[in-house]
Structure formats: structure tokens, C-alpha cells
Amino acid sequence: MYDFTDPNLSKVQLYNTVLNSDGTYSAGASRPYISPTELNFLSMTRNRQLDRTNAYTAKLDIEHNLDLFGADTVFQFGGEYDKRTKTSTRTVVEVTAATLAAAGLTSPKQADISIDTPYKGNLPMGYGWKYFSSDLGEALFDKYVAAGASQIQKNTSEQNNYRVSEEVIAGYAMGTTYFDWGNIVYGARLEHIRNTGSALSSIGGAWTPTRVSNSFTSVYPSIHINWDINRDMKLRLSGNTGAARPNYDEMRPNFSYSDVDQVVSGGNPKAKPERAKGVDLYFEWYMPSRGFFSVGGYYKDLQDILYDVELPTFGSDVLNTAGVDRSAYRYSTVANGGGGHIKGLEFAFSQPFEGLARAAGLPDWAQGFGVQANLTLNDSKATTPDGRTTDLPGASPVIYNISGYYERYGFSARVSYQWQKAYLDSLGSGDIIGDAYWANVARLDASVRYSINENVQLYLDANNLTNEAGIRYQGVYSRPIEHELFGRRYLAGVRVNF
């Protein structure tokens, strides 16, 4: 039974399950402890996996100075060829109750790999259990392998081995034209991309090689105007385009599934790059006494947004075997949604107090203080693969941090505080339980440095001093699915430069 009364600390209480005379179930006596002998053995597995990536790059850049319409101009152009191939192989060796029985061995109990170590966490669990020993588990597994009681897990290699390659042929042309008031940087990049993936798919009960290819050509133009308002102030305006391609494993054309959970997981060879067109405007002021202030706004129009998503149905019969229809299973993959946008404002401020302290007649030691701060305000909207409108995943609406520091006589100390508002992490399966979010989080860090001379420095870093929890919740904050305390972390040492 789960108790969500405190959203920061979900509690679990175990009970014996009672089968009533009418066939229904009810909670019996409370169970504060899970015995290391009461659960039946199912299986032990050992995973052997190798991921290898080979990458080749050839690049050519040419630069030429010329006079363009009476203005000095630097013209650059060139090309690049990239080919990256990732090969992933996986084998799982397993020991099951059946393989043990065939070898004349009895199934183990939890007690065979349990140790008497007290609970190491700080969260009250509501029940007790035994920790498992990795060494005991490894020794037991080795014993079963030596006795011939193991086997290669069926279909695991077939479902997970894949080879994905990406070939990129790109060319660019860029010019920088200089004026009395600043400069203009302009140009475009042309890319032709070809993706190829090969794997095995279960078709008609047999593993069949599957090869999927996809290619496209894109042009990414951009222009940047840098205006020197005066010696201390600058204005920067830019129009830009770009794309983010899926990762290799997100494009692999093979799948794994769970008949218990009725979920298919795998890549999506048809996933397209996420595209963006944006405009930025920033004002920078290099203030007296080495101070700095900037404020800027940005807007990006997004297309084909990539989501880690669980689609309602797999929608294909390629995994149907032995009369089991898996086409209606949920599908966990990466997929393109519709369009969206992200817009916002950024503020940055930095001010050493050395000049101000000197002007005020303060002693030399008081001139080492300073402060830095920044603030980002985001607004985003995006259309999901199932047609809903949500925030953009990973885009927090508010992020700010402030740091105070002292630097003098080879000594440096800094205290930093950062706060980030809750943001969307991943999409749920529809609107019933909701999407997953990371909750608001704050961090307080500190660091100290002392340089004995040019070659030797002592340092101390202290992170997460307030021991902030990492909380992820489903739909609403009162429905947590992850609550982790990472503890405070301290790192001290000596850094020597030669």
C-alpha cells in the first residue's frame, strides 16, 4: 500500500495478501520484512555488450581577403566529409530454474547471496530486506556456468545487435565584411546526409536481416550583424538555422519487447532531424571597473521536434510470433512531433568590486570581492507525436544563479547558488497518468583555491551543500516516481603544473 500524503516522501507498507472465499483479495497482516527465503528463484543473467564507433573525417578550408563594395572582406569556403559507423553486439548468458534442474542442481534462495548489512539510505522505507553481495552473486553464477547449467538467452542478441552508419557530405561559404561601425558575418552550409541501419527483425517467426536507408539534403543559412554603438557598448543581431539529428541507437531498426508489460522498445529509423530557425538580439555593455552587463532576447521556430515517447500502439505485426499479437503493445521510442517554439530573455551581470573599493578608499585586502549573476526566462510550446500541446522537453521556464567571490593574494573563494523551475522530462502514455517532470531544484556550491606558487595549487570543492533531492513526478507533484538524495560531495587536493 502506498501513502502519498507527503509528496516529498512516498511511503510503502507491505501486507500479506488474503484470498477470500468469494475469489477476491484483501490485505491481511502487516509485513515489515521480506524474508530472504520466501521468494522463488526465476533467473540470473550476465550481460556481455560491446559498442564500437568508427569515425572518419576529411576537411578542407580556404580563406581569401578581398575588397567587396569598398569594404574589407574575408571570404571563406570549404567542405567536409564525415562517416561514422556504430556497431553494437549483445549476448546475455542466463541461468534459470529449468537449466538448473537439467543439470541436477537445486534453485538458490535469496539467502545464498544475501549479506547482513544495515540499510544505508536515509529515507524510511516502511519495510526491511537483505542486501545482495555482488561477489557472492558472481561466484554463484560462475559455479553454475562451470556445471553446465547456463544457456544463451534466446532472442536477446537478435533483438539488440545492430549497425548504424551516418555519412555527411557538407560544404560552406562564409563572408565577414568590416565597416567603421562593426561587421557582418554571413553564409550558408549545405549538407547531404545518408543514414543506413541494419539489424534483425522477427518476421513470420524467423529472424530476418533488415536494412533501412534514409537520405536528405539541407541548407542552413545565417547572418550576424555586430554593431559597435561606442567603445563600451555593442549590439548583436543574428538570424540562424540549424538541426539536431537523432542519436545512433535511436535510429537502429531492431526491437525488443516484454510480453509481461506489453511494451515494445526500440529505435526509429524514420526519425527525422529536429530543425530550428531563429533570431537573436543582444545588447552588451562593458562597464567601468571591469563590469559587464548584457540583456538579450531570442526566438526559435522548431519543426519535427524529437521526443522520447511511449506511443499508444506499436502498429506493426513484424513481432507477432506463436499466436501472440504484439501490434497493440505500447511503443517506447523516439519520434518526431509537430512544430513549436521557444522564446525568452537572458540577463547577465558581472562586477568585480576592486575599482569601486579603491575609489572608496578601502584597504587593499577588501578589493578582491566580486559578484556574478544571470537569469534566463523561457516560454516554449510544442506539438507532441500524439497531437497534444506541451512545453518543450528539457526547457525550464526560469533559471537563475548568483555567485559571490573573493580573489586576492593567490587566494580564491566562491559561493554559488542556482535555482531551476520544474520542466518536462518525457511524455507519458496519454493523459491518464500524465507526463513526467523534474521538480524545482536548487543547488548551493562552494570552492576554495590557494596558489602557493605558479606551479602548485591547493583546492577544495564542496557541492550540493543543502543536499537537494532530485524529484521526478508523473503528471502532478503529489505523484512522485523518483526521489533521490545524492548527499554533499567534497573534493580536496593538490594540483601541480609543470
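Begin by selecting strand 25 and strand 26 (residues 436–438), which pair in the antiparallel sense over 3 bridges; strands here are DSSP runs of E with at least two residues, numbered from the N terminus, and two strands count as paired if DSSP finds at least two bridges between them. Within this pair, show Y423, which stands opposite W438 in strand 26. The model is a predicted one, in which local features need pLDDT of at least 70, side-chain atom pairs count only at pLDDT 80 or more, and totals for chains, interfaces and linings use all residues. Residues are numbered from 1 along each chain as its sequence is written, and side-chain values use heavy atoms, with hydrogens and water left out.

Now widen the selection to the open sheet of 4 strands that runs in the order 25-26-29-30 with antiparallel pairing. Its edge strands are strand 25 (423–426) and strand 30 (480–485), each of which pairs on one side only. From one strand to the next, the twist averages 25°, with axes taken as lines fitted to C-alpha atoms and angles running from 0 to 180 degrees between N-to-C directions.

Next, select the open sheet whose 4 strands follow the order 14-15-19-18, where the pairing is mixed. Strand 14 (255–258) and strand 18 (306–311) stand at the edges with a single partner strand each, so one side of each is left without a neighbour in the sheet. Here the twist averages 25° from one strand to the next.

Within that sheet, zoom in on strand 14 and strand 15 (residues 263–266), which run antiparallel and are joined by 4 bridges. S258 has V263, in strand 15, as its bridge partner. The hairpin of these two strands has 4 residues between them, and Q262 takes a positive phi near 55° there.

The largest cavity has a volume of about 70 Å³, a volume being the space filled by probe spheres set on the points. Colour the lining by class to see 4 nonpolar, 6 polar and no charged residues, with Ala, Val, Leu, Ile, Met, Phe, Trp, Tyr, Cys and Pro counted as nonpolar, Asp, Glu, Lys and Arg as charged, and the others, Gly among them, as polar.

Note on methods: On a 1 Å grid over the protein atoms alone, a cavity is a set of points where a 1.4 Å probe fits but cannot get out, and a pocket is an open set with protein on both sides within 12 Å along at least five of seven lines; lining residues have an atom within 4 Å of a point.
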